[in-house]
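Student: I have a new model open and would like to learn how to read it. Could you walk me through its features?

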Amino acid sequence: MEKITLTVKGMTCMGCVASVKRMLEPIPGVSAVDITLDNGQVVIGYDGALAGPEAFKAAIQDAGYDVVG
């Protein structure tokens, strides 16, 4: 298992957190999604053979948020 931390801009409430989780959790290989609203940190546990950072960034952007960095 691998882990990546992304910083997401635009999340302002728990509804935003739920929206981002809803987009990330169905991606094949994702085993955990932990989000801290205060600093916009999204920690994703995943199987690197099945998914990677580009898929996560695309899913977050599809949800209407920006990934920083």
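Tutor: Let's begin with the strands: β2 and β3 run antiparallel and are joined by six bridges. Helices (H or I, at least four residues) and strands (E, at least two) are DSSP runs, numbered from the N terminus, and two strands pair if DSSP finds at least two bridges between them. This is a predicted model, where local features need pLDDT of at least 70 and side-chain atom pairs count only at pLDDT 80 or more, while totals for chains, interfaces and linings use all residues. Residues are numbered from 1 along each chain as its sequence is written, and side-chain values use heavy atoms, leaving out hydrogens and water.

Student: Which residue is the bridge partner of Val 30 in β3?

Tutor: That is Tyr 46. β2 and β3 form a hairpin with four residues between them, and Gly 40 in the turn has a positive phi of about 75°. β3 also pairs with β1 in the antiparallel sense, over six bridges, with Thr 7 opposite Gln 41.

Student: How many disulfides are there?

Tutor: A disulfide is a covalent bond between the sulfur atoms of two cysteines. The cut-off here is a pair of cysteine sulfur atoms within 2.5 Å, and the count is zero. Cys 13 is in no disulfide, as its nearest cysteine sulfur, that of Cys 16, is 3.6 Å away.

Student: Are these cysteines buried or exposed?

Tutor: Buried means under 20% relative accessible area, exposed over 50%, and partly exposed in between (1.4 Å probe, protein chains only). Cys 16 is at 9%, so it counts as buried, whereas Cys 13, at 34%, is partly exposed.
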